[in-house]
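Student: Hey, could you walk me through this one? I'd like to go bit by bit.

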Amino acid sequence: MDQVRLRRLRELLEEEKRELLQVVEGLTGPGGLESPADEADRELSAYDNHPADYGSQMYERSKDLGLLQATRQHLLEIEEAEKAMAAGTYGICQGCGGSIPEERLLAVPSTRFCVDCKKEREQEDAAERPVEEEALRRQVDDEIAGKLDYMFDQDSAWEEVAQFGTSNSPAEEA
Ligand SMILES: [Zn+2]
């Protein structure tokens with residue numbers, strides 16, 4: 001990747017980082033998520049302490065916590081991408097080692113995976129598989145392993161025959 005493109009991507013990463021830091025600041029600032037719990041309680045009691053209000057406050061709070069977690073995760077990914085830039089490994093897929101297409105990097109500058117590997121990982125990370133499905137998957141894996149063993153056996157059988165044939169064949173020596 002040439003320097004001009006790399007610089008553009010670095011700018012995109014820095015832009016993204018600034019925005020994310022603002023989100024974190026907004027969420028954790030005074031009266032925010034990480035101020036002492038009793039302070040949040042006092043604020044609550046200053047208003048009408050209706051259970052429904054409390055419920056929606058809790059809902060807002062857990063939503064914000066989710067957002068904060070996701071934002072911090074994204075910031076870590078950006079830092080990783082910046083490290084990769086410094087190390088000269090930026091734009092290389094961590095899954096298959098192939099180069100990540102530039103359009104993808106421009107769309108998601110912090111990505112470390114090509115589209116295919118990303119999809120694969122998302123499928124692996126998907127919700128817990130039911131036990132039955134897991135058992136079935138193992139069974140299929142065993143079947144594949146069995147086939148591979150079979151092929152391997154065929155191969156070595158052929159090799160043995162070939163060795164026998166060539167070492168006793170005068171035509172091969174000529
Ligand atoms: Zn890949």
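**Chatting through the chain**

Student: Which residues does L106 touch, not counting residues up to four places away in sequence?
Tutor: L106 touches R8, L9 and L12. Touching, or contact, means heavy atoms within 4.5 Å.

Student: Before we go on, where do these numbers come from?
Tutor: This is a predicted model, where local features need pLDDT of at least 70 and side-chain atom pairs count only at pLDDT 80 or more, while totals for chains, interfaces and linings use all residues. Residues are numbered from 1 along each chain as its sequence is written, and side-chain values use heavy atoms, with hydrogens and water left out.

Student: OK, back to L106. Which helix is L106 found in?
Tutor: L106 sits in helix 4. Helices (H or I, at least four residues) and strands (E, at least two) are DSSP runs, numbered from the N terminus.

Student: And how far is L106 from L9, C-alpha to C-alpha?
Tutor: Their C-alpha atoms are separated by 6.6 Å, though L106 and L9 are 97 residues apart along the chain.

Student: Why does L106 count as partly exposed?
Tutor: Because its relative accessibility is 39%. Buried means under 20% relative accessible area, exposed means over 50%, and partly exposed is in between (1.4 Å probe, protein chains only).

Student: Zooming out, how many helices and strands are there?
Tutor: The chain has 7 helices and 0 strands. Buried residues make up 19% of its 174 residues. Among contacts with a separation of 6 or more, 56% are between residues 24 or more positions apart.

Student: Now the metal. What coordinates the zinc ion?
Tutor: Four SG atoms do, from C93, C96, C114 and C117, at 2.3 to 2.4 Å. Donors are N, O and S atoms within 2.8 Å of the metal (3.2 Å for Na, K and Ca), and water is not among the atoms, so sites may look incomplete.

Student: How are those donor residues spaced in sequence?
Tutor: The spacing is C-x2-C-x17-C-x2-C.

Student: Are C96 and C114 buried or exposed?
Tutor: C96 is exposed, because its relative accessible area is 52%. C114 is buried, because its relative accessibility is 12%.

Student: What about the geometry of the zinc site?
Tutor: The site is tetrahedral, with angles of 103 to 115° among its 4 donor atoms. Four donors count as tetrahedral if all angles lie between 85 and 135 degrees. For four tetrahedral donors, the ideal angle at a metal is 109.5 degrees.

Student: Changing topic: which residues in the largest nonpolar core touch the most other members?
Tutor: L9, M85, Y90 and C93 do, out of 21 residues in that core. Helix 1 (3-28) and helix 3 are the elements that give two or more residues to this core. Helix 1 gives the most, with 7 residues. A nonpolar core is a set of buried Ala, Val, Leu, Ile, Met, Phe, Trp, Tyr and Cys residues joined through side-chain atoms within 4.5 Å.

Student: Which residues does M85 touch?
Tutor: Not counting residues up to four places away in sequence, M85 touches L6, L9, R10, L13 and Y90.

Student: And T71, where is that found?
Tutor: T71 is in helix 3. T71 counts as buried because its relative accessible area is 5%. Leaving aside neighbours within four places in sequence, T71 is in contact with L20, V23 and V24.

Student: Last one: how far apart are E79 and E14?
Tutor: E79 and E14 are 9.6 Å apart in space, C-alpha to C-alpha, and 65 residues apart in sequence. E79 is found in helix 3, and with 35% relative accessibility E79 counts as partly exposed.

Conventions:
Four donors count as tetrahedral if all angles lie between 85 and 135 degrees; four count as square planar and six as octahedral if opposite donors are over 155 degrees apart and all others between 65 and 115; anything else is irregular.
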